[in-house]
Amino acid sequence: MARPRRIVLLRHGESEGNADDSVYSRVPDHALRLTPEGRRQAARAGEGLRALFGDERVSAYVSPYRRTHETFRELRLDPALVRVREEPRLREQDWGNWQDWDDVRSQKAARNAYGHFFYRFSQGESGADVYDRVDAFLESLWRSFQAADHPPNVLLVTHGLTMRLFCMRWMHWTVAEFESLSNPDNAETRALVLGPEGRYHLDRPFERWCTPEPYQVP
């Protein structure tokens, strides 16, 4: 097994929806573009990633959304060193029908009260649903490590919630731990780094907005 030395997760740059969430009522979520600031953020992230990877090979997986593809292009990674695949299981949480803006706002308020992991948007997904598809992707990713020539770096270009859920699954966090953490900023990274003892460690924590309150185990 050729486990990579690092697995880097990157949130897309600022999108039209991040700058003005009313755009969701006019443009499908998957079709939203990066803003000029989002392109600049992605370009800066690319500088750091090119320095990190150096001349090492990279296996990249990109969410099928326009903003993640645009983010990946702005990274300007060497195509001779990168094997890239579109990966639908790394897409954003499906929030359902955004055309009814009042309903969306009502559901977002309900999700904040109910919890991001368990609340399911009408005609959409819960965080738990995203967790399940991230889990399925992780199994495929782990099988890819069986190849003796697997690149020493993995890059996932995805979304904030998906990043947190990927780390939750990998690190075996509880739901309470997940709920206490904030999404990374646009074009921000987290990396799982393989340590000398053979275990992966998160290079830096997610910001915490509250203290986790897990259910008591009998």
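## Helix packing

Helix H5 (residues 127–144) packs against helix H6 (residues 160–171) at an angle of about 60°, their axes lying 9 Å apart. Axes are lines fitted to C-alpha atoms, for helices over the stretch in contact, and angles run from 0 to 180 degrees between N-to-C directions. Helices (H or I, at least four residues) and strands (E, at least two) are DSSP runs, numbered from the N terminus. Among the residues of H5 that meet H6 are Val130, Phe137 and Trp142; those of H6 include Leu165, Met168 and Trp170.

## Basis of the model

The model is predicted: local features need pLDDT of at least 70, side-chain atom pairs count only at pLDDT 80 or more, and totals for chains, interfaces and linings use all residues. Residues are numbered from 1 along each chain as its sequence is written, and side-chain values use heavy atoms, leaving out hydrogens and water.

## The sheet

Six strands form an open sheet with mixed pairing, in the order E3-E2-E4-E1-E5-E6; two strands pair if DSSP finds at least two bridges between them. E3 and strand E6 (200–202) are the edge strands, each pairing on one side only. From one strand to the next, the twist averages 15°.

Strand E2 (residues 58–62) and strand E3 (residues 82–86) run parallel, joined by five bridges, and Ser59 stands opposite Arg83 in E3. Strand E5 (residues 189–194) pairs with E6 in the antiparallel sense over three bridges. Val193 has His201 in E6 as its bridge partner.

Note on methods: Contact = heavy atoms within 4.5 Å.
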